[in-house]
Amino acid sequence: MSTDGGGSRPSFTLRQATADDGAAVAALVRELAEYEQAPESATATADDFARALRPGTGIGCVLAEVRTPAGVQVAGMALWYTTFSTWLGRQGMWLEDLFVRPEHRRLGIGRAFFAELGRLCAERGFGRLEFWVLDWNTSAHAFYRALGARAEDEWTVWRLDGPRLAALATPGTDQK
């Protein structure tokens, strides 16, 4: 998908990321972590993303590229993976991260990402497109509501990670 730029607005193009885009995805993830006030949490490397974006992993990423007088620049990403709903008996899509660099916001990239993800879901017969949003990110809440999304606030996210996950996998380890 591409846009015409509408006069003085830069044009952008969406494309599927490949393993060769590992460094660009890693940079965007680090910028997202800064935005979400958790820069120390983004430890994935360019090589990690290169491996994840290989065919057959169930992980996909759409990149937005903006044309400027200085050339083409990666402006944002929508990184997703395949899920499965036992209730629907069908696969779905979990949008793990959507990020548009601040200088490229208000160009319609976020809406274009969702249109592309919706197209991919329809093409693949997916029954759901799900994602989570930080409670404090009220501008994102408004954007997603405008798209027709609804909050599923009767569910609580739980997580096992790090030493707790390792302890669970090791017999005889205290799991407190």
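In the predicted model, Arg119 is partly exposed, with 39% of relative accessible area, and the side chain of this arginine meets that of Glu123 in a salt bridge, with a nitrogen-to-oxygen separation of 2.8 Å. Glu123, at 52% relative accessibility, is classed as exposed, a value that lies just on the exposed side because the class begins over 50%. Both residues belong to helix α3, which spans residues 109-124, and since Arg119 and Glu123 are four residues apart in that helix, about one helical turn separates them.

The pair formed by Asp21 and Arg15 is likewise a salt bridge, in which the closest N and O atoms are 2.8 Å apart. Asp21 has a relative accessibility of 10% and is therefore counted as buried, the limit for that class being under 20%, whereas Arg15, at 28%, is counted as partly exposed.

Arg150 is exposed, with a relative accessible area of 68%, while Glu152, with a relative accessible area of 37%, is partly exposed.

Notes:
Residues are numbered from 1 along each chain as its sequence is written. This is a predicted model: local features need pLDDT of at least 70, side-chain atom pairs count only at pLDDT 80 or more; totals for chains, interfaces and linings use all residues. Side-chain values use heavy atoms; hydrogens and water are left out. A salt bridge is a side-chain nitrogen of Lys or Arg within 4 Å of a carboxyl oxygen of Asp or Glu. Buried means under 20% relative accessible area, exposed over 50%, partly exposed in between (1.4 Å probe, protein chains only). Helices (H or I, at least four residues) and strands (E, at least two) are DSSP runs, numbered from the N terminus.
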